[in-house]
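Hello,

Here is the structure I said I would pass on. My notes follow below it.

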Amino acid sequence: MTKNSARAFYLLIALVVVLLDRWTKHIVAKRISLYSHIQVIPGLFSLTHTENTGAAFSLFADSNAHWKTAMLIVFSMIALIVVSVLLWKNHHAHVATGIGLSLIMGGALGNLWDRLARGRVVDFLLFYVKRYQWPVFNLADSAIVVGAGLLVLEILFHKSSAHQDSQPT
């Protein structure tokens with residue numbers, strides 16, 4: 001893959017994530033009333049329309065501080081700049097790194113879009129077992145987590161294989 005084709009591929013992944021995220025959030029906002037549930041898999045998974053004014057897992061959601069949304073927007077923009085620089089420099093590195101960064105970029109852009117437009121993020125995926133539940137999240141959050149997971153796996157396996165290659169036999 002050439003430099004430019006790799007960059008275009010990674011940007012396409014980010015764009016697909018943003019578009020899917022926008023589309024799913026739009027459908028949820030139009031078809032599911034706020035705080036309503038649609039049970040998909042009984043005892044495990046529901047679609048639940050919530051709006052999160054905080055960060056991931058509703059961190060800071062209960063805060064009434066006027067600076068909260070601005071801080072989250074600034075943090076997202078800084079993260080996007082860092083990821084963009086890493087992606088730009090990654091054209092020759094491992095594909096998993098590029099895909100991971102692309103997923104993070106797309107997810108961050110999707111959630112940033114919500115924050116800039118409405119001051120809150122639409123969440124709708126709820127996994128639970130009996131009364132224990134994971135915080136409600138969205139497709140952008142999923143992309144960020146999967147992207148970060150790919151980066152962690154890349155770091156773990158790349159370092160371990162590099163370490164094994166340097167061992168004398």
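The largest nonpolar core has twelve residues: A6, Y10, A14, I73, L80, V83, L87, L101, I104, M105, A108 and L112. By nonpolar core I mean a set of buried Ala, Val, Leu, Ile, Met, Phe, Trp, Tyr and Cys residues joined through side-chain atoms within 4.5 Å, where buried means under 20% relative accessible area (1.4 Å probe, protein chains only). Helices α1, α2 (68–89) and α3 each supply at least two residues of this core, and α3 gives the largest share, five residues. Helices here are DSSP runs of H or I with at least four residues, and strands are runs of E with at least two, numbered from the N terminus. A second, separate core has seven residues, including V28, I32, F45 and V122.

This is a predicted model, in which local features need pLDDT of at least 70 and side-chain atom pairs count only at pLDDT 80 or more, while totals for chains, interfaces and linings use all residues. Residues are numbered from 1 along each chain as its sequence is written, and side-chain values use heavy atoms, with hydrogens and water left out.

As for the sheet, four strands form an open, antiparallel arrangement in the order β1-β2-β3-β4; strands pair if DSSP finds at least two bridges between them. The edge strands are β1 (37–41) and β4 (132–133). Strands β2 (45–52) and β3 (121–129) are joined by six bridges, and E51 has V122 in β3 as its bridge partner. Helix α1 (3–31) packs on the sheet and touches β2 and β3, contact meaning heavy atoms within 4.5 Å.

Regards

Note on methods:
Axes are lines fitted to C-alpha atoms, for helices over the stretch in contact, and angles run from 0 to 180 degrees between N-to-C directions. Buried means under 20% relative accessible area, exposed over 50%, partly exposed in between (1.4 Å probe, protein chains only).
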